[in-house]
Amino acid sequence: MIRDFVYSRAKTIKEALDLLEKHKDDYKIICGGQSLLILMRQGLVAPENLIDIKGVEELSYINFKPKEGLKIGATTTHREVEKSSITKKHYPVLVDMEENLASVQTRNWGTIGGNLAHGDPAGDPGPVFIALNAIVKMANMEKERILPLEEFFVDFFETALEEGELLLEVQLPAIPPKTAIMYEKFNIIKNDQGIVSVAASLTVDDGGSSCKDARIVLGAAAATPIRAKKAEQILIGKKLDEGLLEKIGKKASEEADPVADIHATEEYRRHLVKALTKKMVRKAWEQAITLT
Ligand SMILES: Cc1cc2nc3c(=O)[nH]c(=O)nc-3n(C[C@H](O)[C@H](O)[C@H](O)COP(=O)(O)OP(=O)(O)OC[C@H]3O[C@@H](n4cnc5c(N)ncnc54)[C@H](O)[C@@H]3O)c2cc1C
């Protein structure tokens with residue numbers, strides 16, 4: 001049963017920040033409610049004040065500039081990211097990711113800001129955004145601040161958001177030339193959360209003969225989405241071959257720090273990390289070398 005609460009609705013960022021300040025002793029922000037309401041129904045969260053930001057239109061946008069990249073406002077829904085002509089053209093990996101995230105109903109309500117702020121290590125946008133080198137913008141009454149998304153995730157369901165802070169936007173820099181990004185999650189039920197997921201972003205040199213940059217990000221394989229930095233280093237400066245791919249997958253599975261739960265044992269998760277890393281790195285490499 002959900003405990004009684006006082007409901008307030010913000011229509012602007014300023015109204016939202018005022019409400020956060022006013023109720024700073026005991027509040028929860030609600031946007032699409034797709035994650036929060038589950039916790040409230042289970043009695044795991046019982047705020048005195050519920051501050052609804054779903055109607056903050058200022059935070060609902062997808063903007064793109066070729067040199068700066070993409071900016072997605074926090075109240076933008078998953079469905080808007082999925083259906084946007086901008087993401088389709090410039091960041092197709094986001095469309096693939098969204099098409100496999102939950103149901104259309106959940107994507108219609110759930111937002112990018114809510115997903116990131118929830119801090120679920122099995123969330124889909126986190127690994128993809130980190131592979132894309134994302135930055136998040138937050139604000140409280142006094143100031144705005146930015147943080148690499150990698151540093152935003154602190155622990156299981158814990159983020160760097162402080163009391164009184166609102167997540168405003170996620171920024172994705174322009175994708176460098178000859179860069180391919182792939183993402184996949186492994187699940188038993190289609191569009192369910194991943195038991196493990198892997199995103200890989202590879203940049204190859206002009207001749208397509210060696211890897212200039214690599215970002216490999218593991219989801220649901222630790223308390224937060226994590227970079228497999230040692231696995232990335234194996235590839236940088238080299239040309240991908242089967243021997244290297246095997247080493248990269250093995251190293252990523254060693255860097256993972258998965259839990260055992262009702263979905264999978266720790267050992268099985270490590271096995272999945274290895275298999276998915278190899279698959280994503282291979283796919284990203286094969287695409288990157290064809291790019292002009
Ligand atoms: C059936 C089902 C299946 C799902 N499957 C998937 C899946 O496959 N992959 C996946 O990634 N997710 C999945 N989800 C999770 C869900 O889609 C996301 O977490 C959703 O995007 C949350 O957004 P929301 O706007 O509904 O957030 P809410 O539920 O409103 O809020 C979530 C949390 O974020 C905080 N919050 C929200 N907005 C802000 C903000 N701007 N600033 C600061 N804090 C904020 C809230 O206080 C709360 O703690 C699923 C959910 C359901 C119900």
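Which element gives the most to the lining of the second largest pocket? The last view below returns to this point.

The model is predicted: local features need pLDDT of at least 70, side-chain atom pairs count only at pLDDT 80 or more, and totals for chains, interfaces and linings use all residues. Residues are numbered from 1 along each chain as its sequence is written, and side-chain values use heavy atoms, with hydrogens and water left out.

**View 1. Residues around the ligand.** The shell around the ligand holds 32 residues (a residue is near a molecule if one of its heavy atoms lies within 4 Å of it). Ile29, Ser35, His78, Thr111 and Asp124 come nearest. By class, 14 residues of this shell are nonpolar, 14 are polar and four are charged (Ala, Val, Leu, Ile, Met, Phe, Trp, Tyr, Cys and Pro count as nonpolar, Asp, Glu, Lys and Arg as charged, and the others, Gly among them, as polar).

View 2. Polar contacts are pairs of N or O atoms within 3.5 Å. A backbone N or O atom of Cys31 is 2.7 Å from a ligand oxygen atom, and one of Gly33 is 2.8 Å from a ligand oxygen atom. At Leu167, a polar backbone atom lies 2.9 Å from a nitrogen atom of the ligand. The ligand taken alone exposes 990 Å², of which the protein buries 88% (accessible areas by the Shrake-Rupley method with a 1.4 Å probe).

**View 3. The largest pocket.** The ligand takes up the space of the largest pocket (more than half of the atoms of a molecule must lie within 2 Å of the grid points). Elements that give two or more residues to the shell around the ligand are β2 (27-30), α2 (36-41), α7 (112-118) and β10 (166-172) (DSSP runs, helices being H or I of at least four residues and strands E of at least two). The largest pocket has a volume of about 1200 Å³. A pocket is an open set of points on a 1 Å grid over the protein atoms alone, where a 1.4 Å probe fits, with protein on both sides within 12 Å along at least five of seven lines; lining residues have an atom within 4 Å of a point. From α7 come five residues, the largest share of the lining of the largest pocket.

**View 4. The second largest pocket.** About 410 Å³ of space lies in the second largest pocket. Of its 22 lining residues, Pro92, Val93, Ile181, Met182 and Gln287 are the closest to its centre. β11 gives the most to this lining, with seven residues. The lining of the second largest pocket has twelve nonpolar, five polar and five charged residues.

Definitions and conventions: A polar contact is a pair of N or O atoms within 3.5 Å; within protein, one must be able to donate a hydrogen and the other to accept it, and residues adjacent in sequence count only if both atoms are side-chain atoms. Grid points are joined across faces, edges and corners, and a volume is the space filled by probe spheres set on the points.
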